[in-house]
Amino acid sequence: MSKNLVIVESPAKAKTIEKFLGKDFVVASSFGHIADLPSKELGVNVEGNFKPKYIVTEDKKDVIKKLKMLSKKAETVWLASDEDREGEAIAWHLYEQLKLKSANTKRIVFHEITKKAILDAVANPRDLNYNLVNAQQARRVLDRLVGYELSPVLWKKVKTGLSAGRVQSVAVRLIVEREREIENFIPVASYRIDAEFSNEEGKKFKAKLPKNYKTRKEAEAFLESCIRATFKVDDLQVKPAKKSPAPPFTTSTLQQEASRKLYFPVAKTMRTAQRLYESGLITYMRTDSVTLSNDAKSAAKATIVETYGEAYSKPRNYTTKSKGAQEAHEAIRPTNMKNSSISVDYDQDRLYSLIWKRTIASQMSDAQLERTNVKIANTNNKEVFTANGEVIKFDGFLKVYIEGTDNGDDKEQSGMLPKMHRNEILTNHFITATERFTKPPYRFSEAALVKKLEELGIGRPSTYAPTISTIQKRGYVEKPLLEGKKRAFVTIKLQDDTLSEKKGMEVVGADKGKLIPTDIGKVVNDFLVQNFQHVMDFGFTAKVESDFDKIAEGKEEWTGIIKEFYDDFHPNVLHVSEHAERAKGERLLGVDPISGKNVYARLGRYGAMVQIGEVTDEEKPRFASLQGSQTISNITFEQALDLFQLPKELGSYKDAEVIVSNGRFGPYIKYDGMFVSLPKGTDPMQLTLEEAIDLIVAKQKADAPIAEYEGLPVQKGVGRFGPFIKWNNQFINVNKKYDFDNLRQEDIVELIEIKKQKDIDKILLNWEEEGIRVEKARWGRYNICKGKLKIELPKTTKVEKLTLEKVKEIIAKKTPKKKKTKRSSIKKK
């Protein structure tokens with residue numbers, strides 16, 4: 001029996017720590033959070049003290065069982081989860097769920113997994129910090145209230161299956177507003193003046209006019225005025241300058257720099273950093289501190305002096321500027337400064353190298369520069385050209401590291417200028433006036449969005465990556481490849497006292513890997529901004545983060561902050577749900593030349609589409625889904641009409657027609673009674689018969705039964721919610737417990753029987769003869785079901801008091817009345 005049980009969150013962390021502790025210690029993993037709010041109900045007592053209802057999920061029951069067994073055998077239990085708020089909450093849940101006793105339970109924290117840090121932590125245990133626990137609870141409860149209450153409003157007013165979140169919705173707003181700035185941007189042309197000169201020794205260099213001309217006429221007039229002009233050095237200044245290194249990494253700056261230099265999405269950066277931390281190679285990766293410990297600075301200095309020399313060392317102290325910095329107490333750095341590289345895997349090696357270079361550079365000397373500025377005048381006009389040069393006299397930290405930028409529009413690196421003196425006569429080789437256009441704002445990359453969120457005080461180190469991942473998974477934002485459009489420009493050149501013109505083409509609007517809102521993202525954002533201004537306000541979201549910080553410091557009581565928010569928020573939700581108009585995201589494109597009816601691009605139940613006609617017309621409107629890169633905001637009238645050329649016959653295959661068409665779920669192939677969806681981005685108008693046959697054959701193989709149960713075939717597939725099997729017209733999700741690629745007959749039987757039992761268990765009342773039943777629904781609510789009709793009842797409904805008569809009355813009230821249609825008279829012959 002081991003005297004000590006140490007519990008951490010991950011097996012990898014457990015494995016590393018186990019190496020540093022003796023035989024008296026057993027290290028076990030909780031595999032992350034062991035308790036959380038229930039997924040199918042609110043789980044918060046909004047009518048009382050906002051106390052959360054935590055449950056242990058099915059996949060964690062075996063983990064709890066094992067940990068309980070180990071804890072009973074141990075004399076002391078050490079809770080060693082991470083030192084941030086999430087880690088403190090995990091430790092608290094372990095304490096509660098394992099029913100531990102304070103007398104033999106100790107909390108230890110460390111920001112690096114090294115032998116020294118682990119032994120120091122064991123030597124200096126502390127109690128659970130309930131302020132940190134409450135700060136995490138406040139975040140979890142507030143986010144649950146916002147998501148739980150806003151999402152059903154979106155289902156009702158926009159489209160089913162949508163979700164909203166306190167931070168994610170604000171992040172989407174930033175992206176939508178930036179995209180609209182770009183869409184509304186009108187480029188303005190001007191003419192940039194550049195020139196090439198050489199000095200008396202014949203050495204060439206470039207110079208430019210520090211202003212642009214607004215019109216071609218002005219630019220040409222300037223060039224003409226330079227004909228037969230004499231140019232000379234009017235002024236020359238040489239000044240010393242310096243560059244200082246950036247601080248060591250915080251979570252935010254690591255995500256930004258890994259995106260710029262390694263092209264990592266923020267989620268990948270955090271996964272990779274997590275592995276490095278758990279392997280004991282770097283310090284804790286969720287931090288907004290830029291400080292380094294004295295030991296770390298001493299180790300960095302020793303490495304710098306040994307590798308580069310004494311002149312390159314300059315120990316520095318950095319101050320954390322972030323308000324409420326609380327995650328960890330040191331920047332992200334290597335645990336061993338001597339290791340400039342590692343050999344684990346490609347991604348970990350590159351991220352580690354980036355962290356090492358940034359940390360070492362932060363403790364190095366400034367780079368010493370010499371900057372030269374030359375002003376060039378001429379005899380024919382008053383305009384003055386300028387040329388700038390920069391020489392590195394001592395590279396300092398630049399020997400190791402140069403910080404990146406977000407927009408790819410870095411200033412030109414000034415090179416050396418040839419030696420010149422005042423009044424020196426220069427030879428002009430040419431002068432150009434190039435038509436240039438003002439640029440729209442840059443789209444957000446993941447790194448730039450993290451930077452913006454941090455500037456606004458929205459979110460914390462632990463929330464950036466999941467926020468950006470969530471808004472992409474929800475389909476509100478995507479990262480498409482934009483090809484851009486060609487734009488003509490002109491260059492006028494003065495050379496040998498003669499003007500010439502050259503036309504050129506440039507591509508504008510091209511983008512790769514940038515965050516762009518989808519149609520549904522725009523519509524949801526507009527609806528939320530219009531109806532929930534308080535929640536969508538950047539200042540409010542930042543204030544909430546500040547409130548969480550105060551809770552963590554013990555300065556605020558968390559339930560009071562939640563109550564203050566909910567008392568205003570909930571009535572607004574009820575009002576919007578009842579009175580707000582349904583969001584359509586509608587855009588009028590023109591009038592159909594055949595029917596004379598309006599043509600709209602709008603959001604429908606199944607996504608963005610084009611509609612010809614009005615829903616109020618006697619004749620039903622015609623619909624067609626948008627294709628490929630088409631959006632509500634960019635589709636043209638002509639493209640919209642082209643969508644109605646479907647269905648289109650492609651030919652025949654095995655004596656059956658192959659037809660491509662468009663439906664509410666998108667374009668598809670119809671063949672011999674089967675329907676095959678086209679892959680995302682495929683243009684149905686360009687689909688060939690051969691391509692269609694390939695898709696048909698693949699679908700036939702995928703739909704082939706893999707088994708049989710109770711005389712009915714069993715098929716399997718992968719849908720939007722993951723892998724499933726289909727039996728008796730029912731889709732049954734297959735979770736990770738099963739090997740989906742190698743499902744056994746007993747697995748299939750188990751899945752089907754569990755599904756059948758769940759369907760039985762959710763039925764609370766059943767009047768078979770009437771075809772009416774009352775079932776359990778999501779979020780603790782209930783549904784009345786009759787045929788295809790489903791009526792949602794609130795969770796406060798007393799189901800046991802419902803009678804058949806009462807249910808029929810509810811159905812009658814909710815059943816939409818059929819519209820009266822004018823019948824055309826039919827004359828009898």
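**Figure 1. The hairpin of β21 and β22.** Strands β21 and β22 form a hairpin with two residues between them, and D672 in the turn has a positive phi of about 50°. Helices (H or I, at least four residues) and strands (E, at least two) are DSSP runs, numbered from the N terminus. The model is predicted: local features need pLDDT of at least 70, side-chain atom pairs count only at pLDDT 80 or more, and totals for chains, interfaces and linings use all residues. Residues are numbered from 1 along each chain as its sequence is written, and side-chain values use heavy atoms, with hydrogens and water left out. Strand β21 (residues 666-671) runs antiparallel to β22, and four bridges join the two; strands pair if DSSP finds at least two bridges between them. One of the bridge partners is F675 in β22, which faces K670 in this pairing.

Figure 2. Buried means under 20% relative accessible area, exposed over 50%, and partly exposed in between (1.4 Å probe, protein chains only).

**Figure 3. Salt bridge between K13 and E9.** A salt bridge is a side-chain nitrogen of Lys or Arg within 4 Å of a carboxyl oxygen of Asp or Glu. By this rule the count comes to 57 salt bridges. In one of them, the side chains of K13 and E9 meet at 2.9 Å, N to O. K13 is buried, with a relative accessible area of 1%, and E9 is buried too, at 10%.

Figure 4. The side chains of D395 and K399 meet in a salt bridge of 3.6 Å, N to O. D395 counts as partly exposed at 21% relative accessibility, and K399 is partly exposed with a relative accessible area of 45%. A salt bridge also joins the side chains of E710 and K756 (3.0 Å, N to O). E710 lies in the loop between β23 (707-709) and β24 (712-719) and K756 in helix α20 (residues 745-761), so the pair ties together parts that are 46 residues apart in sequence. Both partners are partly exposed, E710 with a relative accessible area of 49% and K756 at 25%. Elsewhere, salt bridges that share partners join E9, K13, D82, D84 and R286 into one network.

Figure 5. The peptide bond from L646 to P647 is cis, with omega near 5°. P647 is found in the loop between α18 (637-642) and β19 (648-653). F50 is not a glycine, yet has a positive phi of about 60°. The place of F50 is in the loop between β2 (25-29) and α2 (61-73), and F50 counts as buried at 3% relative accessibility. D655, also a residue other than glycine, has a positive phi near 65°. D655 is found in the loop between β19 and β20 (656-663), and is exposed, with a relative accessible area of 84%.
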